[in-house]
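This report goes through a model chain by chain and then across the contact between chains. The sequence and structure are shown first.

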Amino acid sequence: MITVTNISKKFGKGKDAVTALDQVSFNVCEGEIVALIGLSGAGKTTALRSLNLLEQPDSGSIKFNGKELLTLGALELRQLRTRIGIIFQQFNLISNRTVFENVAFPLEVAGYSKEALVARVEECLRVVGLYEKRDVYPAQLSGGQKQRVAIARGIANRPHVLLADEPTSALDPLTKEEVLTCLRDINQKLGVTIVIATHEINIVKRLASRAVIFSGGRIIEELQVKNQKIEAKHEFTKRFLEVA
Amino acid sequence: MSSALIENLLNILPDFIQASKETGIMLLVGLSSAAIFGGALGTFLYLWREGGLLQNRVLYFLVGGLVNVTRSFPFVILMITVIPLTKKLAGTSIGPLAAAVPLSIAAIAYFARLVELALNEIPRGVIEAAESMGASVPKIVFSVLYVEARSPLILALTSLTVSFLSYTAAAGIVGGGGIGDLAIRFGYYRFQTEIMVVTTLTLIVLVQLIQVSGNILAKQFNHK
């Protein structure tokens, strides 16, 4: 579904340049939950954000259903982005819009008619279990509820894939659970493919079917998650799994 | 003594009403142009700046420089400098409408910076979220920027109104009229201290009213 080949990315120029991604290749298959894991600065977030070009790689190729992303024009890029959902560590909800209006935002962008918009927003709010909170403002919600609103917003326009950038890292253990369940539900019931960047190994074990391990801007190895266990081969990964 | 005072005040009532109208005209014209043109200018400055959605160093430097130059002028000098333009736009160089021209120019430049500042306070992540949903720049401006910054924008307009109430008094010097002009003509030149006091009190009450309503409105629209 998504094929990433040899993407590289540097931040800054000249001597101060930091290599965020160095010849990174991986792919995402239809219907799976794949986790990009690593420590801070390992490149997992940059790799995730490259998938909808929030970060533009300096070189390489990203193919989405066969279509090359790195050469898209501005309009094509905007159209593509309407079909890729994303959620963030800090939720990034619009604080002066109600829960309903936040979820409606991507549908307004996609040009939904009024009736279709209302029906779809209500449907998505039911999926994340927040229908009763539709007229409330984000400030009145808990962290877990805010992230669930963000998930509803992320899946509103029926995206092929949902990108999740550290979706549970700002939450306490109890609300982490709430978001975890919500993500698993939309994957299993709605068939939404999920790419998740996280440093929380427990999330990976419980949610993902595959883990891509990042360190220093490179991919160290790719592992299958079986029965909530990861069998690491590489020394670095073994240490990482022990401390994380 | 007190009946003489009341008589003085009654005598001046028609002038006072006329002056209030003139102040009203100057404020209304100045503030509407500030809200529309200053608002647009401030939005573009925000979009053009480094890392902005429409980053453009040349335009940011040129237009930002023009705004700074305008803001550097002492208001009285600005009024005199733009007299040729005033004559073209208002057909005359005296009266409240004429005074509204330099007032508008100063207000546009001032409000543009206030708008830029208010928009700068919006967390980058919220804008990024809108971008990543495929929203166009106009959609982001009207559905995210103005929505998230509406309370700071209301407060900016409030503080602009208060500043410009005192600018209208300065405009009186070159024949703009208004409450400030009244205070100078009767209160200062004719030594009618009571009129100076009354007009000043009126301005104080007006400023309080503007600030309090601005604060209430800003609070009403804020859900953070």
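**Confidence**

The model is predicted. Chain A has a mean pLDDT of 92, and 100% of its residues reach 70 or more. Where pLDDT is low, the predicted coordinates should not be read in detail.

**Chain A**

Chain A contains 8 helices and 11 strands. The radius of gyration of chain A is 18 Å, close to the 18 Å that the globule rule gives for 244 residues, so chain A is as compact as a globular protein of that length. Along the principal axes, the C-alpha atoms of chain A fill a box of roughly 50 × 40 × 35 Å.

**Interface between chain B and chain A**

In the interface, 21 residues of chain B are in contact with 22 residues of chain A. Together the two chains bury about 1,900 Å² between them, and 58% of this area is on carbon and sulfur atoms. On the side of chain B, the residues that lose the most area to chain A are S132(B), M133(B) and H223(B); together they account for 33% of what that side buries.

Polar contacts between chain B and chain A number 9 residue pairs, both residues being at pLDDT 80 or more. Two elements of chain B, helix 6 (124-132) and helix 7 (137-148), each give two or more residues to the side that touches chain A. Helix 6 of chain B supplies the largest share of that side, 7 residues. By type, the residues of this side of chain B divide into 8 nonpolar, 7 polar and 6 charged.

**Salt bridges**

Side chains of opposite charge can pair when their charged atoms come close. Over all chains, the structure holds 20 salt bridges, and the count between chain B and chain A is 2. The table gives one example across the interface and one within chain A.

| Salt bridge | N to O distance |
|---|---|
| K139(B) and E108(A) | 2.5 Å |
| D185(A) and K189(A) | 3.8 Å |

Where do D185(A) and K189(A) lie? Both are in helix 6 of chain A (residues 173-190), and they are 4 residues apart, about one turn of the helix.

Technical notes: Residues are numbered from 1 along each chain as its sequence is written. Chains are lettered from A and ligands numbered from 1 in the order in which they are written. Side-chain values use heavy atoms; hydrogens and water are left out. pLDDT is the predictor's confidence in each residue, from 0 to 100. Contact means heavy atoms within 4.5 Å. Buried area is the accessible area (1.4 Å probe) that two parts lose on being put together, summed over both. A salt bridge is a side-chain nitrogen of Lys or Arg within 4 Å of a carboxyl oxygen of Asp or Glu. A polar contact is a pair of N or O atoms within 3.5 Å; within protein, one must be able to donate a hydrogen and the other to accept it, and residues adjacent in sequence count only if both atoms are side-chain atoms. Ala, Val, Leu, Ile, Met, Phe, Trp, Tyr, Cys and Pro count as nonpolar, Asp, Glu, Lys and Arg as charged, and the others, Gly among them, as polar. The radius of gyration is taken over C-alpha atoms; the globule rule is 2.2 Å times the number of residues to the power 0.38.
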